[in-house]
Amino acid sequence: MTGRDEPTLDPHARPPLPHGHAHHGGPVAPVSGHLRRVIAAVLIPFASAMVAGLVLLWPGGAPEQQERTGVGFDQQHEQARVTAVDEVACEDVGVQVPRGVGGVCEQATVEVTSGPHAGRTFQEMVPPDATQRYDAGQEVVVAYAPDAPEELQYHVTDVKRDTPILLLAVVFALAVVAVGRLRGLLALVGLVVSFTVLTLFILPAILHGSNPLVVAVVGGSVIMLVTLYLCHGVNARTSVAVVGTLVSLLLIGVLGSLFIGWASLTGNTDDQTGLVHSLYPAIEVRGLLLAGILIGSLGVLDDVTVTQTSAVWELKQADPGASWLKLYRAGMRIGRDHIASVVNTLVLAYAGAALPLLLLFTIANSSVGTVAFSELVSEEIVRTLVGSIGLVASVPVTTLLAALVVNADRPPRGGTAAPTTRHRRRRKK
């Protein structure tokens with residue numbers, strides 16, 4: 001290789017892994033007991049604090065309401081089936097059609113199949129500009145309003161789509177296990193753990209009035225610890241990735257709190273957040289925004305820190321005599337490519353989620369400044385940039401930690417260190 005900071009690799013040593021998201025797949029070289037004790041001294045108190053926080057904040061289920069409000073998602077739902085769909089003139093059924101919209105209305109006959117009125121039928125009018133159409137035999141979900149007049153008690157709110165979603169989940173699981181094998185299976189177990197912590201702890205704890213930021217830190221940390229060690233093994237390499245992720249999450253939390261407050265963002269920018277706040281006024285909506293930033297960044301952070309740590313470990317195995325500085329420089333060359341791809345991925349992911357909002361501002365012919373500095377868009381900008389800063393910072397932090405740890409390792413007592421390139425050359429002579 002050329003260049004002053006290129007690592008000199010032994011041709012007889014195992015080559016480093018190519019850049020990408022291929023985390024360590026082989027056995028990890030054991031580290032000395034001294035280094036294990038140092039790492040344990042850092043992570044065991046943190047893990048103990050997170051478990052204690054989990055126990056103290058455990059909500060014991062979502063709080064029960066005295067009665068349903070009948071607004072938004074807080075409605076009583078029943079199952080139903082579309083039995084017939086007929087075309088009718090819109091003016092005959094009293095449906096107002098927007099100017100410029102042509103076509104006829106559809107009258108769907110719907111039969112309730114669950115609840116106290118199973119077997120009852122009602123009519124659902126579908127205007128020509130409706131995005132959701134119905135077919136005879138289609139399963140749907142209906143909202144039930146017991147206090148409304150009988151003819152208005154039921155209306156269709158959605159279609160049943162459990163079969164295609166569950167089938168897609170099965171295909172996903174099979175693909176992960178077929179390609180990843182044991183690693184893939186462990187990743188699926190980690191996914192179940194993440195979903196369990198999210199639904200049984202994070203969401204109910206926030207609904208019970210606990211600080212959303214504290215809940216997100218505790219829940220996110222538990223998810224990170226369980227999934228990283230489960231998927232990548234309990235070893236020094238995974239522990240370095242855990243520490244790098246924690247440092248980056250701390251930075252994201254500090255920056256997010258600072259700029260959310262400085263930009264006077266309320267977090268109450270959509271109907272769902274407004275509905276949650278109206279049903280549970282004790283919830284701190286601004287804290288909910290910051291908690292969402294932390295949880296949203298966690299998954300990408302795990303990928304970056306594990307990849308960087310794995311790359312440094314492989315570079316050390318390829319050149320055992322490399323100094324920590326040489327390992328850091330080589331790891332950062334890999335990390336710079338990783339930063340470019342991951343940041344672009346994160347920005348596009350947030351832009352894709354906010355695409356309808358951006359379209360509305362485009363239709364309104366608003367200036368760029370008006371759009372960018374409105375609360376709706378500023379919230380997404382802060383979310384994207386704060387998360388991206390945390391991702392960028394995770395690369396040098398994790399690479400430096402990995403280079404220092406792997407280079408500071410001591411051979412086990414009574415053992416010998418791996419021969420360096422210079423020692424091999426002497427033996428050849």
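Biologist: Let's start with the sheet. What is the order of the strands?
Modeller: This is a predicted model, in which local features need pLDDT of at least 70 and side-chain atom pairs count only at pLDDT 80 or more, while totals for chains, interfaces and linings use all residues. The 5 strands form an open sheet in the order β3-β2-β1-β4-β5, with antiparallel pairing. Strands (E, at least two residues) and helices (H or I, at least four) are DSSP runs numbered from the N terminus, and two strands pair if DSSP finds at least two bridges between them.

Biologist: Which strands stand at the edges?
Modeller: Those are β3 (121–126) and β5 (154–159). Each has a single partner strand, so one side of each is left without a neighbour in the sheet. From one strand to the next, the twist averages 45°; axes there are lines fitted to C-alpha atoms, for helices over the stretch in contact, and angles run from 0 to 180 degrees between N-to-C directions.

Biologist: How many bridges join β1 to β2?
Modeller: There are 8 bridges between β1 and β2 (residues 105–112), which run antiparallel. V85, for instance, has A108 in β2 as its bridge partner. On another pairing, β1 (residues 76–88) and β4 (residues 139–144) are antiparallel over 6 bridges, and H77 is partnered by A143 in β4.

Biologist: And what about β4 with β5?
Modeller: They pair in the antiparallel sense over 5 bridges. V142 stands opposite V156 in β5.

Biologist: Switching to the helices, where does α2 bend?
Modeller: At G180, by about 140°. That bend is the angle between axes fitted to the seven residues ending there and the seven starting there. α2 has 46 residues, yet its end C-alpha atoms are only 26 Å apart, short of the 68 Å a straight helix would reach; the expected span is 1.5 Å times one less than the number of residues.

Biologist: Which α2 residues are buried?
Modeller: Among them are G184, L188, G190, F201, I202 and P204. Buried means under 20% relative accessible area, exposed is over 50%, and partly exposed is in between (1.4 Å probe, protein chains only). Just after α2, G209 takes a positive phi of about 100°.

Biologist: Which residues touch the most other members of the largest nonpolar core?
Modeller: Of its 53 residues, those are F201, I202, M224, V242, I260, W313 and L327. Several helices give two or more residues to this core, including α1 (33–57), α3 (212–232) and α7 (324–353), but α6 gives the most, with 11. There is also a second, separate core of 14 residues, which includes A80, A108, V140 and V159. By nonpolar core I mean a set of buried Ala, Val, Leu, Ile, Met, Phe, Trp, Tyr and Cys residues joined through side-chain atoms within 4.5 Å.

Biologist: One more spot: is T399 buried or exposed?
Modeller: T399, found in helix α10, is buried, with a relative accessible area of 0%. Leaving out residues up to four places away in sequence, T399 touches Q308, V312, Y328, G331, M332 and S394, where contact means heavy atoms within 4.5 Å.

Biologist: What does A402 touch?
Modeller: A402 is also in α10 and counts as buried, at 0% relative accessibility. With residues up to four places away in sequence not counted, A402 touches V240, T309, V312 and W313. A402 and R237 are 165 residues apart in sequence but 7.5 Å apart in space, C-alpha to C-alpha.

Notes:
Residues are numbered from 1 along each chain as its sequence is written. Side-chain values use heavy atoms; hydrogens and water are left out.
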